[in-house]
Amino acid sequence: MAMYFYAAKLHVPSFLKGLPQTPKSGAKSCPYNGVEHSARPPEWVTAPDDDNSLVYEDGVLVSGSLKALVQHAVPTAVYYPDTAYLFAFLLSSRLFIKPYELLQRVCDVGFTQQGLQGNDLSTVNKEKLGRFVPHMVQLLGEWSETFPYDFRDERMMGGVRSMTHRCIALQPALRRDVTQVLHNLLNKLTQLERYEEGLAKLSPPPPADFISQPTDITEVCQSPLVMAQQLTHIELEKLSYIGPEEFVQAFAKDNLDSCYKDLKKTNNLESYIQWFNRLSYLVATHACTHVKKKQRVRVIEWWIEVARECFNIGNFNSLMGIIAGLNMSIVSRLKKTWSKVQSAKFSVLEHQMDPSSNFSSYRSTLKAAMWRSAGAVDDRQKIVIPFFSLLVKDLYFLNEGCASRLHNGHINFDKFWQLAKQVTEFMAWKQVTCPFEKVPEVINYMQTTNVLTETGLALASFECEGPDNSYEKERYKNLKADTTQSAESDRHN
């Protein structure tokens, strides 16, 4: 098996042993020796980081100029950057330099410092060249394995073609390895395209103000355990297609700087958050669309059991989605219904996901699940699906709370280590294969069935249990009037 393949497949386990992993003794970078281009250089070349130093504290890389950090990522015949550094750098460098520009710079620096500016190889050390070129192929393999979505950019693929043609010309024996790297990349991009096409076809109808024939969820799936397992299938599939770079690119989306304009969209991350919202509204819809109180009690208790099973599995995102749905004001106001619900189990779950003290209870539970997962042999024990909105919020505040550049113009790599640590935990979680049997009709129902709008939920709630104070009476009156007016307008149109 080729060397780059081995390194690429082990990148996540090595991260989980602890970031960072770039000791000062490992900094064997050669002096920067970039190549001048006739075209205008990228903006970052003229930025105030013209020194090539890397700064370490207690043996850990904490800052450096962008040029020096790029140099540290460039292999030589005797040096290959450690996997943790590469991940952290490739993850966050996009805040300063576009991926295709970075690939070009890495190639320019790497080939130049080997004396490969032109076609004359007479002065090149053939032994060193024999070690350097496989290192470049290994770097491409790790990059495309971990950040495949970077390669949806045609400019990036142009750089790949140029780099691989050059590597094969220098060392023809590497053709097979290069072909394998490109084959793996094509497979990943094809899977992503199919997934996105499937999402478009699955597109659920827009929320409605009224559902004429509400479905009894217990007829769709009798077992709360089976439903929790199907929710876990949905969660893990959606997680698996979120690229690690989407977290960083989400921070940059509001920036108008040219460096951000053509960053890959964060569609998969946004789709996952939309799924959470849909699940919450679906739970609330089921709780409010049964006229008989006995049916509502049964459905609410069934969802509580599903939430308990999600908790036991380690599916915290579905757990929180169900809790959020049951805690919507239009559901919680059904006091007569809740008085008949065996709610002690729900109270325990609410405590676990209590937002007070920055979700301290949940964070303790998540750590326990991570500990269980790390030592698990059984796939069922490996599942950790985090409360995703909180993960995104944590990363957002980490980004906002720490400067990306220091006063001396250096990149704050300590911040990049912190971002990488949280994202690499996510990388491990999303690679777990769901061990439960799939029930396609349940999965399809959960992703495509109708849900009510906020107006529809409020009306349904008041139909279940009438308004019991002046505020609710006024609201109910206004909702009915607005709905009648909207229906008349639709008829005329």
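Two strands count as paired if DSSP finds at least two bridges between them, and helices (H or I, at least four residues) and strands (E, at least two) are DSSP runs numbered from the N terminus. The model on screen is predicted, so local features need pLDDT of at least 70 and side-chain atom pairs count only at pLDDT 80 or more, while totals for chains, interfaces and linings use all residues. Residues are numbered from 1 along each chain as its sequence is written, and side-chain values use heavy atoms, with hydrogens and water left out.

Select strand E2 (residues 60-64), which pairs with E3 in the antiparallel sense over 2 bridges; the bridge partner of Gly64 in E3 is Ile411.

Ala228 is buried, at a relative accessible area of 0%, where buried means under 20% (1.4 Å probe, protein chains only). Leaving aside neighbours within four places in sequence, Ala228 is in contact (heavy atoms within 4.5 Å) with Val306, Glu309, Cys310, Ile313 and Asn315. Ala228 and Ile313 are 85 residues apart in sequence, yet 8.1 Å apart in space, C-alpha to C-alpha.

Now select Ile322, whose contacts, again leaving aside neighbours within four places in sequence, include Leu279, Val306 and Cys310.

Finish at helix H12, where 16 of the 22 residues are buried, so H12 is largely enclosed by the rest of the structure.

Technical notes:
Buried means under 20% relative accessible area, exposed over 50%, partly exposed in between (1.4 Å probe, protein chains only).
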